[in-house]
Amino acid sequence: MQITKQDVELAAKLAKMKVSEQEVAIYEEQLKALFDWVAELSAVNTESVQLTGAQLAAFIRPDEPVQNAPLAQELRNDFACEQDGCAKVKKVL
């Protein structure tokens, strides 16, 4: 992916950052280096590599609802509207 000055300026605008021309040039070079590195890593064939030492079970928990009626009612009282048993909140832009 080719990074341009316009890409950096757009990213800064989306992040609501003010960047100088000097900073744009610095970030452009840094982003180019980052994307070149990602492309280099993507080119590595990892099909024959086995996953080792990972304990994925430690991060998986059963998705079971907690039954705490007083807490549920207290949380529902904090919201003005409810729809289908869920708190209705304002749209976040």
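Student: Does Glu28 count as buried or exposed?
Tutor: In this predicted model, the relative accessibility of Glu28 is 15%. Buried means under 20%. Glu28 therefore counts as buried.

Student: In which helix is the place of Glu28?
Tutor: Glu28 and Lys32 are 4 residues apart in one helix, so about one helical turn separates them. The helix that holds Glu28 is H2.

Student: Which residues does Glu28 touch, not counting residues up to four places away in sequence?
Tutor: A touch here needs heavy atoms within 4.5 Å. Neighbours up to four places away in sequence are left out. What remains for Glu28 is Ile3, Thr4, Lys5 and Val8.

Student: With which residue does Glu28 form a salt bridge?
Tutor: Side chains of opposite charge can pair when their charged atoms come close. For Glu28, the closest N and O atoms of the pair are 3.3 Å apart.

Student: How many salt bridges does the structure hold?
Tutor: Another joins Glu9 and Lys5, and another joins Glu21 and Lys5. The number of salt bridges in the structure is 3.

Student: What is the N to O value for the salt bridge of Glu9 and Lys5?
Tutor: Glu9 and Lys5 both lie in helix H1, 4 residues apart, or about one turn of the helix. Glu9 is partly exposed at 32% relative accessibility, and Lys5 is partly exposed with a relative accessible area of 32%. Their side chains meet with an N to O value of 4.0 Å.

Student: What is the N to O value for the salt bridge of Glu21 and Lys5?
Tutor: This pair also meets through its side chains. Glu21 lies in helix H2 and Lys5 in helix H1, so the pair ties together parts that are 16 residues apart in sequence. The N to O value for Glu21 and Lys5 is 3.0 Å.

Student: Which residues are linked in a network of salt bridges?
Tutor: Lys5 meets Glu9 in a salt bridge, and Lys5 meets Glu21 in another. The linked residues are Lys5, Glu9 and Glu21.

Student: Does Glu21 count as buried or exposed?
Tutor: Glu21 is found in helix H2. Not counting residues up to four places away in sequence, Glu21 touches Lys5 and Glu9. Its relative accessibility is 52%, and the class of exposed residues begins over 50%. Glu21 therefore counts as exposed.

Student: Are H1 and H2 roughly parallel or roughly perpendicular to each other?
Tutor: Two packed helices are described by the angle between their axes and the distance between the axes. Helix H1 (residues 5-14) and H2 pack at an angle of about 105°, and their axes are 9 Å apart. Angles of 65 to 115 degrees count as roughly perpendicular. H1 and H2 are therefore roughly perpendicular.

Student: Which residues of H1 and H2 make the contact?
Tutor: The two helices pack with their axes 9 Å apart. On the H1 side, the contact is made by Lys5, Val8 and Glu9. On the H2 side, the residues are Glu21, Val24, Tyr27, Glu28 and Leu31.

Student: What accessible area do the residues of the nonpolar patch on the surface have together?
Tutor: The patch is formed by Met1, Leu34, Phe35, Trp37, Val38 and Leu41. One of these, Val38, is in helix H2 (residues 21-42) and is partly exposed, with a relative accessible area of 37%. Together the patch residues have about 620 Å².

Student: What separates the C-alpha atoms of Glu21 and Val66?
Tutor: Glu21 is in helix H2. Along the chain, Glu21 and Val66 are 45 residues apart. Their C-alpha atoms are separated by 53 Å.

Student: What separates the C-alpha atoms of Ala11 and Arg76?
Tutor: Ala11 is in helix H1 and is partly exposed at 42% relative accessibility. Ala11 and Arg76 are 65 residues apart along the chain. The separation of their C-alpha atoms is 38 Å.

Notes: Residues numbered from 1 in each chain as written. Predicted model: local features only at pLDDT ≥ 70, side-chain atom pairs only at ≥ 80, totals over all residues. Heavy atoms only, no water. Patch = residues over 30% accessible without salt bridge, like charges linked within 9 Å, V, L, I, M, F, W, Y side chains within 5 Å. Areas by Shrake-Rupley, 256 points an atom, 1.4 Å probe, with all protein chains shown as cover. Buried < 20%, exposed > 50% of the residue type's maximum accessible area, 1.4 Å probe, protein only. Axes fitted to C-alpha atoms, helices over the stretch in contact; angles between N-to-C directions. Parallel < 35°, antiparallel > 145°, perpendicular 65-115°, else oblique.
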